[in-house]
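Here is a short briefing to read beside the model. Keep the sequence and the 3D view open as you go.

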Amino acid sequence: MKKLCALFVLATLLPFVATAYNGEILTLEMRESKTYPGTDREIKIYVPKQYDGSTPAALIVGTDSQEKVLAECIDSLVAEGSMPVAIAVVVRPGRIHNANGEVVRYNRSNEYDRMDGRFAHFLETEVLPKVERMTCADGRAIILSKDASMRAITGSSSGGICAFNAAWQRPDMFARVYAMCGTFVPFRGGDQYPAIIRKGEPRALRIFLQDNDKDTWNPLFGSWFEYNTLMLSALKFAGYDVRHQWDKGGHSGKNGRAIMTKVMRWLWHDWQSGVKAGRSGNKSLNDIIIPGEGWCCIADNLAEGAMLYPYNDEQVILRMGKRNEAVTTSGKVTRIKGRIALPSPYTALYPGGTRSAVRREGSNWVWQYINTPDGKQSFGQEFYYLYTDAGQILFDAKGYLYAATSIGIQICDQNGRVRVILSLPEGSAESIAFAGNHLFAISGDKLYTRLLRRSGTHQGTPKSEGQG
């Protein structure tokens, strides 16, 4: 009798469990990837009933297996008018199988914990285009908004840092982030984020962090909770719109999922007006940039290997192959005929000529030498320390070293420490040069210019900052 009662209760509950959300969950099987060769994965797409099939929907990307909690969240918040009609795309991590169907590589940490833009690129070029080629059971096409303010991304553990990293690398793709128990620990460089955030320009992101006070999945890598508190401190200092909730417990996404609706309500509270970048507390950054003066693209489709060189206060030289062109801040180009001597892009002369800096390929260090009156370089030391290896280097008039790197333009003070990281739309900086107060940069195949408070024109030796 008790067994029959239990079965009756279960039977009456099953319909409610199955219909906790009102829309449709679609499944996409991805059997190949250019970004992650050899991997296969399952992707779940939740389409709410309010979606009409013609108006682009907002997007929430999730990692691992969040489709049901996101479906319930979307239904609730759309019904109360707290967020736009949204479609959730939940991306499982990839795996590689052998001919017998056995898993020979789990790709989760490699995809989720990396600090580069690979996962965002995977979403942009492979996942989302495939999703938008799908249709619902009733024939509705899937159309996703391309506006970053209409996109959010969320995940837990390695999926948490993945969510943050995708938005950090591509704020043009995502503006809203919910990271639960994020692994901002020494897995694949995530522990560097607090320092990089403090030195970088604030992006147009709104962020919610959740963690548990005993969160340490593996003591070898330190305390997850301590690193999350460092992230919170750094984000506040850098001027981000950030909130957090610290709960009791260990490494588990249970607490984070329990507040999903509350968090998403806050993340989307101004969805009609969008997310704006804040103002950093980094004085060195604010001494260099000018509010409202961002990067301006003045040329594109540059040839691979294009390089910039200083020319005068109005122009830089753009070299592509054997062709040299003088380029102004407005993008006006004048062909330079004949041969012209160009300096090494990997050596920079300190203002006043008393010192010089030399890049060493494949090293995080840039060497500094003292220049003697007879023209010799002496007392060489590894002096300027960067977060990555450097490309082209140069000095501004204050004696600060600028280095083109894969994470942007890293700027070191006179004593060799990175104080500022200037972001670029394409992420990396391949080449840089000053023309007066305008800094030019090649990023990807595009040429950008930006007006700064600093100048590349050297007039005598700058005032020393001492030991600083």
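How far does helix H2 (residues 67–79) reach from its first C-alpha to its last? With 13 residues, H2 reaches 18 Å, close to the 18 Å expected at 1.5 Å a residue; the expected span is 1.5 Å times one less than the number of residues.

This is a predicted model, where local features need pLDDT of at least 70 and side-chain atom pairs count only at pLDDT 80 or more, while totals for chains, interfaces and linings use all residues. Residues are numbered from 1 along each chain as its sequence is written, and side-chain values use heavy atoms, with hydrogens and water left out.

**The chain as a whole**

- The protein chain holds 10 helices and 26 strands; these are DSSP runs numbered from the N terminus (helices H or I, at least four residues; strands E, at least two).
- Taken along the principal axes, its C-alpha atoms fill a box of roughly 105 × 50 × 45 Å.
- Of the 468 residues in the protein chain, 51% are buried (buried means under 20% relative accessible area, exposed over 50%, partly exposed in between, with a 1.4 Å probe and protein chains only).

- Buried residues of H2 include Glu67, Leu70, Cys73, Ile74 and Asp75.
- After H2 comes Gly81, which has a positive phi, near 80°.
- Helix H4 (residues 118–131) has 14 residues that should span 20 Å at 1.5 Å a residue, and its end C-alpha atoms are 18 Å apart, which agrees.
- H4 also has a kink of about 35° centred on Glu124 (the bend at a residue is the angle between axes fitted to the seven residues ending there and the seven starting there).
- Among the buried residues of H4 are Phe119, Phe122, Leu123 and Val131.

**Aromatic pairs**

- The whole structure contains 22 aromatic pairs (rings of Phe, Tyr and Trp, the last by its six-membered ring, with centres within 6.5 Å; planes under 30 degrees apart are stacked, over 60 edge-to-face, the rest tilted).
- Trp168 and Tyr240 make a tilted pair, 6.5 Å centre to centre with 40° between the planes.
- That pair links distant parts of the chain, 72 residues apart: Trp168 is in helix H5 (residues 158–169), and Tyr240 is in the loop between helix H7 (224–237) and strand S10 (241–247).
- Trp168 and Tyr240 are both buried.
- Phe187 and Trp217 have ring centres 6.3 Å apart and planes at 90°, so they form an edge-to-face pair.
- Phe187 counts as partly exposed at 24% relative accessibility, and Trp217 counts as exposed at 54%.
- Phe164, Trp168, Phe184, Tyr193 and Tyr240 are joined into a cluster by ring pairs.
- Tyr193 is in helix H6 and counts as buried, at 1% relative accessibility.
- Tyr193 and Asn165 are 28 residues apart in sequence and 9.3 Å apart in space, C-alpha to C-alpha.

**Charges over rings**

- The charged end of Arg355 sits over the Tyr350 ring, 4.0 Å from its centre (NZ of Lys or CZ of Arg must be within 6 Å of the ring centre and within 35 degrees of the ring normal).
- Arg360 lies over the face of Trp367, 4.3 Å from the ring centre.
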